[in-house]
Amino acid sequence: MGRKVKESDTPCKETFEPLLIEGKTPGTVVLLLNSTEEEVLAKACEAIYVFAEKGDDNKTSLVGLGALEPLCQLIDHNNELVRRKAFMALGILASNGDVKNALKKDISTVIPSIIKRLSAEEDAVTHEFATLCLVSLSVDYVCKAQIFDSKGLLPLIQLLSSPDPDVKKNSLETIFNLVQDYKHRQAVHELGGIPPLLQLLKSDFPVIQHLALKTLQNVTTDKDTRDAFREQQGFEQILDILSNAKFNDLHDEALEVVANCLSDSEYLQMIHKGGGLTRLLEFVHTPNAPGIQSNAVKCIARAAQSSENCELLHEQNVEKVLVELLSAADVSVKTATCKAVSATSVHAASKNRFRDLGGIPAVVQCLNSESLMLREAATQALLNLTHSSQLNALAVYEAGADKILVQQLYGSNLVTVANSAAILRKMASQEFILPRILSNGAIQALVETLKSTNKQVLINTTQCLAVLACDKAAREELRSTGGLQPLVNLLHSHNKDVLHNACLALKVCANDEPTSLEILKFGALEMLLEINQSVSRRNNYSKLALTCLLNSNISTKYSLTGHLTMTDVIRDGFYDAGKTHAGQRLLTLEELSKQPVNQQQPIIAINTAVKKKKDNKQKDETQPGSPAEVPWQMMEDVPLQLLVKEAQEVILSLGDDGERYAALARLVSEAMGGAVEMEKLHEFQWMLHISELKFRLQSNVVPIGLIRRGSYGHRALLFKFLADCIGMSCTLVRGEYDRVWNEILLFGVNPSADGSHSQPCRYIVDLMHQPGRLLRTNTPPAEQYQAI
């Protein structure tokens, strides 16, 4: 729409020869706007209109030439023709940003002047360009307020009934801009705006129909307006639009209006009583009309946003209707139906009804569609159906969804990927389903999704991994497929939810030593330490992840914390690399063993394994010229093997716990050079002995069984290891000044009166000076052991 100036727009008695712009400069024409002659004013306004219509540059230049001020005065001129031509010029200018900014400086005067000319006394041309001005100005918040305060809404509503389509369109668009603000929505209803808006739905111009629906969509968010809308049979008129295939282009906006109506449970009850809900459900069964069916189902989905509405829809057996539609041939109908299933299944009763009606296998079948939108809608439906429902998760599994969902993880639709990961997590929480999911390649697929940058994909992926990684085989596959590094990388995330769930997954993965060692290689320890020191980033799972990681790597735990508890069991492969600091990566034993011999303290290693040797057949199979790389192995420690055997044979045969600990202490002391008097400690040349061992072995790593002169740390470590081997419990504590000790718990010798044992007492075991002596820890351990 829009109008060009024509001679017929003016009465014959007011006609004049056009003022040729070629003969006058724009500046000259602007000066003519100050003329006292009405004919000159009208011609000048028309010339400005023609000049401005040619483009934004011309409009901007007119602002610079000062055209706005006289034009704003001329729209109040006594002469009708001058007013009309001034409005034409101002209306065409107002769409320019510079013009709008200039007008805003004087809106308290300009806007009332424009609104004044919306009266019935003015002609259609004036109405058209006056409302065109308001269309441009009404996008600004300050201008909206001024239009409202100047009581401009009522004349705009009245102009919706104008016979001129351009006036209708401009008035409607201005109202649409105004009703973006809540107070204006209420005013439209109060000023009687609903009937003319509904009347415009029958317009011959699609642009007017669209604007009317968009305006109704905004105003019907207000409850009082919805009441007026219902009284005017507005809902029925919208249903008429939805049931007419010729109005397909209006269906989206119409659905928004219906959604507002149906989201109100009270309104839905009234609609239901009036037969509106029945009519809506009838659309679902319209034969050979997939457009109408899908739009009707969309309305159901919108209505289901409210729990009260869900109950009413459930009473109408809406689940049966939707399950039937899942077998429709049209993809758009299936997509809309899956969305409706998703919305209604939030209601527990509907969730169960869908399962009973066989709706879950029907939704699962939709996962095989070539349509990305249908697959997305189907995964969303399954996600909601399985929420807090183990029975539905089982039904999804029984429908064969596990393999399809794993394949969906490789898709490009991020919503589908995220949903698929979430559904798999819910299914995998049932222990017997987990192996089946793993057998379909779930770990490899999830490793790929870990590389995503989408927040929800990462959250759902890490949650799924946290469930799957409870299985040892899953953790092994996660290691072999390179999934641990991208998982550890998520610790850099500044999204709290992503970080939280990444820590959860790492906590589960760190439950075995091989996986936790791999996690350590990628710097997880340093990152978790940093996270746990941050007030804003730390969370419960970051603390648990760190604890699990250290508990599975007690070499690292001891190096970092200087303390092993009674439940930390030392096994083959443990090594004491000395005290390390937060942020400093602890090298693996293999890495340490390959370093050149240095002057630092040795790394003390534990290993009772018997070294495997290649037989002749294996040697013969080695390709000449390309020898296979021999994998690194720890140095064999025969003396330690013998100590373990002696401890098992001698110590365990003793009956009293105290005697066992004392005997074990004497065994350790004898192996490490015997008792040393405190005064002669400086004569006990253990450091020289260790240096000689390093030189002889040509390694910084020294097996503990080879040490014949051991200090506090060596003896305490050996005591802890032997105790763990034979099922006795003790701690390992590193103190200051190279002091290391073990603490044990012993129950009192006298039982209490009720026959139960008294509380256990904590003792430190002397391994150095009076081996086997047990000291009660009435004083802090460090001070107690310092006194030994």
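Modeller: On a 1 Å grid over the protein atoms alone, a pocket is an open set of points where a 1.4 Å probe fits, with protein on both sides within 12 Å along at least five of seven lines, and its lining residues have an atom within 4 Å of a point. The model discussed here is predicted: local features need pLDDT of at least 70 and side-chain atom pairs pLDDT 80 or more, while totals for chains, interfaces and linings use all residues. Residues are numbered from 1 along each chain as its sequence is written, and side-chain values use heavy atoms, with hydrogens and water left out.

Biologist: What lines the largest pocket, and which residues lie nearest its centre?

Modeller: The lining of the largest pocket has 35 residues, and Ala577, Gly578, Lys579, Gln601 and Arg734 lie nearest the centre. Two or more lining residues come from each of helix 39 (554–561), strand 3 (603–605), helix 44 (686–697) and helix 45 (712–725). Helix 39 gives the most, with four residues. Helices (H or I, at least four residues) and strands (E, at least two) are DSSP runs numbered from the N terminus.

Biologist: How much space lies in the largest pocket?

Modeller: The largest pocket holds about 870 Å³. A volume is the space filled by probe spheres set on the grid points, which are joined across faces, edges and corners.

Biologist: How is the lining of the largest pocket divided into nonpolar, polar and charged residues?

Modeller: Ala, Val, Leu, Ile, Met, Phe, Trp, Tyr, Cys and Pro count as nonpolar, Asp, Glu, Lys and Arg as charged, and the others, Gly among them, as polar. On that basis the lining of the largest pocket has 13 nonpolar, 15 polar and seven charged residues.

Biologist: What is the volume of the second largest pocket, and which element supplies the largest share of its lining?

Modeller: The volume of the second largest pocket is about 660 Å³. Helix 36 (513–521) supplies the largest share of that lining, six residues. The lining of the second largest pocket has 31 residues, including Glu513 and Tyr575.

Biologist: Why is His689 called buried?

Modeller: Buried means under 20% relative accessible area, exposed over 50%, and partly exposed in between (1.4 Å probe, protein chains only). His689 has 14% relative accessibility, and therefore His689 counts as buried. His689 lies in helix 44 and touches Leu706, Ile707, Arg708 and Arg709, leaving aside residues up to four places away in sequence. Such a contact means heavy atoms within 4.5 Å.

Biologist: What makes Gln390 partly exposed?

Modeller: Gln390 has a relative accessible area of 45%, and therefore Gln390 is partly exposed. Gln390 is found in helix 27, in which Asn392, Ala393, Ala395, Val396 and Tyr397 are the buried residues. Those buried residues pack against several helices, among them helix 24 (348–356) and helix 30 (434–439).
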